Amino acid sequence: MSIAPLTDLSRCAIHTFTTKPLNLAQAVSAYQAAGVTGISVWRQHLEPYGCTEAARILADAGMSVPAYVRGGFFTGSESERGASIDDNKRCLDEAAAIGADQVVLVVGATPGMPLADARNQVTDGIAACLDHARGCGVKLAIEPLHPMYAGDKSCVNSMRQAREIWQELGDPLVGVAVDVYHVWFDQDLAEEIRLAGADQRIFGFHVCDWKCDTNNLLLDRGLMGEGCIDIRGIRQLVESAGFAGWIEVEIFSSTHWAKTQTDWLSEVTAAYLAEV
Ligand code: ZN
């Protein structure tokens, strides 16, 4: 039997990319007006403001920031890898400045590089950022991405591959962000969520939907209920594994971005209550 729907928005957070046309200040006031108190901030939405101003806007509105998005991209040549580590440290500083709990890592992949080698580079890259993350008090959440991104965006394409990295590093600051879009089809999902939860490594839970008739795999994600993912079933898995944190709505959609964003937010909150 599946769990009951959520009865309020108290755990609802929205990624600023879900309302891409809004700048940070507009997003904060629109989320507030919609009754949403969590916001996961993307770097491109922080950039025009800088950390100090962004932190003030978020704090004045009383917003919680579960995640800062995104760091990672650890693979490449020696010089690329060095630059990436520097950039991830800056990303951690920015996350700390706005009070974010975690940085989400899209770990990277390099065309032509064997995936096993890429995963080793990712492990080394995260290891090189750990002391800095500790100093910032910010966690690092590996987000496994759908295998369609294995060529050039993420060599970590399953919860198990993420687990192999956080287990090897053995540091409680490194865990996983479970995004239903990227893991819903994984036959080991229930067991992997259980293992991650048992070690308290589920840092984030991202929701949207997979449209069977999608016209673009990046920019045509569905609102919860528009697709085929058993979102509530996956929420049941993460909650049974001990996760009680923010439920982050992350939807990239040209169709939805074309709408008046306050109307779009009303759809988001309604779908959150009905489908998650
Ligand atoms: Zn995500």
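This is a predicted model: local features need pLDDT of at least 70, side-chain atom pairs count only at pLDDT 80 or more; totals for chains, interfaces and linings use all residues.
The metal site comes first. A zinc ion is held by four residues: Glu143 and Glu250 through OE atoms, Asp179 through OD and His206 through ND1. The coordinating distances run from 1.9 to 2.2 Å. Along the chain, the donors follow the spacing E-x35-D-x26-H-x43-E. The geometry of the site is irregular, because the angles between the four donor atoms range from 84 to 147°. A tetrahedral site would need all angles between 85 and 135 degrees. Asp179 has a relative accessibility of 0%, so it counts as buried. His206 is also at 0% and is buried.

Ser40 sits in strand S2 (residues 38-42). Its relative accessible area is 0%, so Ser40 is buried. A polar atom of the Ser40 side chain lies 3.4 Å from the backbone nitrogen of Ala67. Beyond its neighbours up to four places away in sequence, Ser40 touches Ile14, His15, Thr16, Pro66, Ala67, Val69 and Glu248.

Cys136 is found in helix H5 (residues 115-136). With neighbours within four places in sequence set aside, Cys136 is in contact with Leu92, Asp93 and Ala96. Cys136 and Ala4 are 132 residues apart in sequence. In space, 37 Å separates their C-alpha atoms.

Helix H3 spans residues 51-60 and has a buried side. Ala54, Ile57 and Leu58 are its buried residues. Viewed down the axis of H3, the buried residues fall within an arc of 95°, so they line one face of the helix. The general rule is that an α-helix has 3.6 residues a turn, so residues three or four places apart point the same way. The cover over the buried residues of H3 includes helix H1 (24-33), strand S2 and helix H2 (43-46). Ser40 lies in that S2 strand. The face of H3 turned away from the buried side carries Thr52, Ala59 and Asp60, which are exposed. Just after H3, Gly62 adopts a positive phi of about 70°.

Aromatic rings form the last topic. The model has eight aromatic pairs. One of them joins Phe17 and Phe252. Their ring centres are 5.2 Å apart and their planes meet at 70°, so this pair is edge-to-face. The pair links distant parts of the chain, 235 residues apart. Phe17 is in the loop between strand S1 (12-15) and H1, and Phe252 is in the loop between strand S8 (247-249) and helix H10 (254-257). Both residues are buried. Phe17 also pairs edge-to-face with Trp257, at 5.7 Å centre to centre and 75° between the planes. This second pair spans 240 residues, from the loop between S1 and H1 to helix H10. Phe17 has a relative accessibility of 12%, so it counts as buried. Trp257, also at 12%, is buried. Ring pairs join Phe17, Trp42, Phe252 and Trp257 into a cluster.

Notes: Residues are numbered from 1 along each chain as its sequence is written. Side-chain values use heavy atoms; hydrogens and water are left out. Donors are N, O and S atoms within 2.8 Å of the metal (3.2 Å for Na, K and Ca); water is not among the atoms, so sites may look incomplete. Four donors count as tetrahedral if all angles lie between 85 and 135 degrees; four count as square planar and six as octahedral if opposite donors are over 155 degrees apart and all others between 65 and 115; anything else is irregular. Buried means under 20% relative accessible area, exposed over 50%, partly exposed in between (1.4 Å probe, protein chains only). Helices (H or I, at least four residues) and strands (E, at least two) are DSSP runs, numbered from the N terminus. A polar contact is a pair of N or O atoms within 3.5 Å; within protein, one must be able to donate a hydrogen and the other to accept it, and residues adjacent in sequence count only if both atoms are side-chain atoms. Contact means heavy atoms within 4.5 Å. The arc is that of the directions from the helix axis to the C-beta atoms. Rings of Phe, Tyr and Trp (its six-membered ring) pair if their centres lie within 6.5 Å; planes under 30 degrees apart count as stacked, over 60 as edge-to-face and the rest as tilted.
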